[in-house]
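Good morning, colleagues. Please look at the structure as we go.

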Amino acid sequence: MNFLKNITIGQYAPGNSFVHKMDPRFKTLISGAIIIQCFLLDKWFLLSVPFIFLIFVSLLTKISFSYIMKGLKSVLPFIFITFFFNSILTTGHPIFSYIFPNEFSFCLFPDLTSPVIPVYDKFMITVTHEGIEFGFFMALRLLIIVLATSLFTLTTSPMEITDALEDLMKWGKVIKIPVHEMAMMMSIAIRFIPTLIEHLEKIVKAQLSRGADFENKSIIKKAKSFVPVLIPLFVNAFRTADELAVAMEARCYGVTDNRTKLREMKATWRDFVSCAVIVILFASLNYFQFFTFKVS
Amino acid sequence: MDHIIDISSLSYTYMKGTPYEKLALKDVNLTVASGDIVGIIGSTGSGKSTLVQHFNGLLKADSGKIIVDGIDLTQKKLDLKDLRKKVGLVFQYPEYQLFEETVEDDIAFAPRQFGFSEKEIKYSVSSAMKSMHLSEDMKKRSPFSLSGGEMRRTAIAGVLAMSPSVLVLDEPTAGLDPFSKKELLNIISELNREKKVTVIIVSHSMEEVVEIANKIVVMSAGKIISSGTPEEVFSDEEVIKSARLLFPECTELMIELKEAGLPVKYNLCKVEDCIEEIVKIF
Ligand SMILES: Nc1ncnc2c1ncn2[C@@H]1O[C@H](COP(=O)(O)OP(=O)(O)O)[C@@H](O)[C@H]1O
Ligand SMILES: [Mg+2]
């Protein structure tokens, strides 16, 4: 009865590395910049620069490679599918083609100066040179996005992310967005996930002891069998919320406008060095992108 | 076959195979005779709750053997429903499991799940409510409108209604006022006397356990370090100290009297026994 044992919240892997110690605000901005940058680049060999950079960062985090891969595993199928469909659905010079029912042709290095062949034709599957190139490009782009975000969440605790977002969104207060309240809600929600899971596990066990059966075949019966779990869970959640609200008010939450923080975020040399590296890297990438290899 | 529960070298680890692995029970041996009231005592985190969750198959032992009322819990094809009907488990703070609109419906949940007929359900609800000293007119009330003690008794009635032959209670008196505590303990021993239900009660109140149990099991760090009658268990100071427990108050008194040089037996636990012993020396 340990169906909840594999749930990890976020996927934060505590550590003490350069990346862990960085200011979460800078990590947020840098991850955002990497993602935006990889939409600006449209050559796969340019994209490989941020990719290699991220590989370097993942070495810096000192998190084991297999643990990082575990987080990526769930998106790998999408990456493969992206590659596959792009490679067969792009007009260009065919490398491999199959025409129904049994006609094959294969040419590893097609003559790129010859006229292109349209892909859609009868029952035909054509893998083109351009398709492979484009598929590889799209796959790499996806991989960078996923790797950047997972390196960010692996090295930044949910609380740090909340703090960083609150700080970065400070300007929102000017136009009456309740930034602080939203951040508080987010951190309370994060804080109570494990508590709720614990309650859930306890209630499930208690109802199992009373003969509850969650392995019904029919969907309706199955949904019904969760009522004895969900009602106590909600009752419990509301009670907890109520108690927490009272406890916060008892400690004068909301009396002053500008709360100070226990954990101040502070930019250090690590953040400035990282920023400098990113700026130099992206400036040169954009130079190549927009001046050397003109968009064709 | 007078042992209703027979456990030998049971071990259990939480979250096996993760960095959070936690060995909660090691090599536990325990037998419970039919009709006994067994008190399990031990400090917080000693594994009491983990142990009792093995009795009705909520947790599966990593190694060792458990036999409950002739059913081998380590076998492959285990009929969990049958087992859970036999062993009623009342969790700590059981009032958090109430969910129905009326007290009656909530108590009827277990009998309904175990396929009792409507007539049997009606009967078992009434008799469970009577056993838990809940008045008839509560039947139609919402369980959420009851007092803490009444909610607790309703929840226990919800387990009793399936007429288990073994009743396991995990810290049933935690958070109750002294009067409700006393009342609940009386109800439990009454059940044991009248319905011949075997009772296993987890607690960390020594006074409470010695009043009601005829056998005591002391747990510490996932192991059973002592077991026997209350008098046997509380005659070994070392064991009680190492389990980070205290003597019942009256035992404490007897020990002090003994140290003051009075000719008394010191390993008495029940208040009446102590009074008798003190009266004897005058
Ligand atoms: N669901 C769980 N996951 C991981 N560890 C647990 C879980 N439940 C209990 N433990 C650990 O197992 C040990 C025994 O816990 P428990 O049986 O609840 O003790 P007790 O009921 O005697 O206070 C404790 O150290 C506790 O931290
Ligand atoms: Mg416990």
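A pocket, as I use the word, is an open set of grid points with protein on both sides within 12 Å along at least five of seven lines, and its lining residues have an atom within 4 Å of a point. Please bear in mind that this is a predicted model.

I begin with the second largest pocket, whose volume is about 680 Å³. Its lining comprises 21 residues, and those nearest the centre are A:Met184, A:Ser187, A:Met248, A:Tyr253 and A:Arg259. By class, the lining holds 10 nonpolar, four polar and seven charged residues. Which helix gives the most to this lining? That is α8(A), with seven residues. In chain A, α7 (158-168), α8 (179-209) and α10 (227-250) each supply at least two lining residues.

I turn now to the cores. The largest nonpolar core has 52 residues, and among those touching the most other members are B:Ile41, B:Met132 and B:Phe234. Helix α5 of chain B, residues 148-160, contributes the largest share, six residues. A second, separate core of 41 residues includes A:Ile203 as well as B:Val28, B:Val38 and B:Phe91. In general, nonpolar side chains in soluble globular proteins tend to be buried together.

Finally, consider B:Phe114, in the loop between α3 (103-113) and α4 (118-131) of chain B. Is B:Phe114 buried or exposed? With a relative accessible area of 15%, B:Phe114 falls under the 20% cut-off and therefore counts as buried. Leaving out residues up to four places away in sequence, B:Phe114 touches A:Ser209, A:Arg210 and A:Gly211, together with B:Lys81, B:Arg84, B:Lys85 and B:Met162. The C-alpha atoms of B:Phe114 and B:Met162 are 7.6 Å apart, although 48 residues separate the two along the chain.

Methods. Residues numbered from 1 in each chain as written. Chains lettered and ligands numbered in written order. Predicted model: local features only at pLDDT ≥ 70, side-chain atom pairs only at ≥ 80, totals over all residues. Heavy atoms only, no water. 1 Å grid on protein atoms, 1.4 Å probe; cavity = no way out; pocket = protein on both sides within 12 Å on 5 of 7 lines; lining within 4 Å. Points joined across faces, edges and corners; volume = space filled by probe spheres on them. Helix = DSSP H or I, 4+ residues; strand = E, 2+ residues; numbered from the N terminus. Nonpolar A, V, L, I, M, F, W, Y, C, P; charged D, E, K, R; others polar. Core = buried A, V, L, I, M, F, W, Y, C linked by side-chain atoms within 4.5 Å. Buried < 20%, exposed > 50% of the residue type's maximum accessible area, 1.4 Å probe, protein only. Contact = heavy atoms within 4.5 Å.
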